[in-house]
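Me: I have a model open and want to go through a few local contacts. Can you take my questions one by one?

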Amino acid sequence: MKQFQYTITDPMGLHARPAGVMAKQVKGYAGTTVTIAKGDKSVNALKLMGLMSMAIKQGDTVTVTIEGENEDQVCAELEKFFQENF
């Protein structure tokens, strides 16, 4: 299991467009489960409506957990994705 934390810098927070792009990217990681957590709530990164229901705003810190195949590679790619999109 790999984890990283990221503080959202996008003024719009984690909104539909980038959340959808993230879900599409995560779908490409066969054999890997990616979970996004904020506070005591967590959701599978493939569940777009679940992500939207978390209401992640600018300044919120999320924890991204990666479990499964190629954890190191997936973690590095997702950290870069978050830095470029959120």
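Me: Leaving aside neighbours within four places in sequence, which residues is glycine 59 in contact with?
Reply: Thr7 and Ile8, where contact means heavy atoms within 4.5 Å. This is a predicted model: local features need pLDDT of at least 70, side-chain atom pairs count only at pLDDT 80 or more, and totals for chains, interfaces and linings use all residues. Residues are numbered from 1 along each chain as its sequence is written, and side-chain values use heavy atoms, with hydrogens and water left out.

Me: How many residues apart along the chain are glycine 59 and isoleucine 8?
Reply: 51, and their C-alpha atoms are separated by 5.3 Å.

Me: Where is glycine 59 placed?
Reply: In the loop between helix H2 (48-53) and strand S4 (61-68). Helices (H or I, at least four residues) and strands (E, at least two) are DSSP runs, numbered from the N terminus.

Me: Why does glycine 59 count as partly exposed?
Reply: Because its relative accessibility is 48%; buried means under 20% relative accessible area, exposed over 50%, and partly exposed in between (1.4 Å probe, protein chains only).
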